[in-house]
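I opened the model and went through its strands and its core. My notes follow.

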Amino acid sequence: MKKMLFGFILLTLSSFATAEDTSQQPLAESMSVSFFNMEDDLFSFQAIAPTEVILEYAICKAVWFAEKKQATTISLSNPIFNSVPKEPETSVPNGWATVDAIVYLNEQCPSCRLFLKIPEIAEECRSGWDWYL
């Protein structure tokens with residue numbers, strides 16, 4: 001179920017994304033996410049992680065933060081891949097990528113490609129990532 005759900009999300013977000021086996025995920029401590037432009041109804045973020053898990057990691061971090069803000073749904077803007085890290089002192093290791101996106105809370109963004117219900121995705125993220133409590 002997890003692979004199927006995230007496979008659908010990954011294919012929706014990116015034409016080159018694939019649902020891969022993430023049972024050998026790298027330690028989340030070595031990956032990072034930064035949140036920016038926080039408003040009542042939206043926030044921006046940049047995630048840095050290995051290319052094979054970047055979208056799953058970014059989605060789960062966005063859902064995690066939206067859940068903390070007591071949102072029930074989110075819409076994600078089209079992600080921007082492989083951009084330069086926002087923090088100048090941050091480096092991106094070989095085989096890793098960055099993804100930037102805007103998350104709209106509790107409303108559907110007409111120009112966004114993905115609308116998610118927090119409880120459903122949060123359950124999948126909790127079962128797939130140790131950091132998601």
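I began with strand E3 and found both of its faces covered. Thr73 and Ser75 are buried on one side, and Ile74 and Leu76 are buried on the other. For "buried" I use under 20% relative accessible area, for "exposed" over 50%, and for "partly exposed" the range in between (1.4 Å probe, protein chains only). Strands (E, at least two residues) and helices (H or I, at least four) are DSSP runs, numbered from the N terminus.

Ground rules next. This is a predicted model, in which local features need pLDDT of at least 70 and side-chain atom pairs count only at pLDDT 80 or more, while totals for chains, interfaces and linings use all residues. Residues are numbered from 1 along each chain as its sequence is written, and side-chain values use heavy atoms, with hydrogens and water left out.

I looked up the partners of E3. Two strands count as paired if DSSP finds at least two bridges between them. E3 pairs with E6 in the antiparallel sense over four bridges. Isoleucine 74 has leucine 116 in E6 as its bridge partner. E3 also pairs antiparallel with E5, over three bridges. There, serine 75 stands opposite tyrosine 104.

I moved to the hairpin. E1 (residues 32-36) and E2 (residues 42-50) run antiparallel, joined by five bridges. Phenylalanine 36 stands opposite serine 44 in E2. Five residues lie between the two strands, and asparagine 37 takes a positive phi near 50 degrees in this hairpin.

Then the core. I count as a nonpolar core a set of buried Ala, Val, Leu, Ile, Met, Phe, Trp, Tyr and Cys residues joined through side-chain atoms within 4.5 Å. The largest one has 33 residues, and Phe45, Val63, Ile74 and Leu76 have the most contacts inside it. Two or more residues come from each of E2, helix H2 (54-68), E3 (73-76), E5 (96-105), E6 (114-117) and helix H3 (118-128). H2 gives the largest share, ten residues.

I checked valine 63 by contact (heavy atoms within 4.5 Å). Leaving aside neighbours within four places in sequence, valine 63 is in contact with Ile74, Leu116, Ile118, Ile121, Ala122 and Tyr132.

Last, isoleucine 102, which sits in strand E5. Not counting residues up to four places away in sequence, isoleucine 102 touches Leu42, Phe43, Ser44, Ser75, Leu76 and Ser77.
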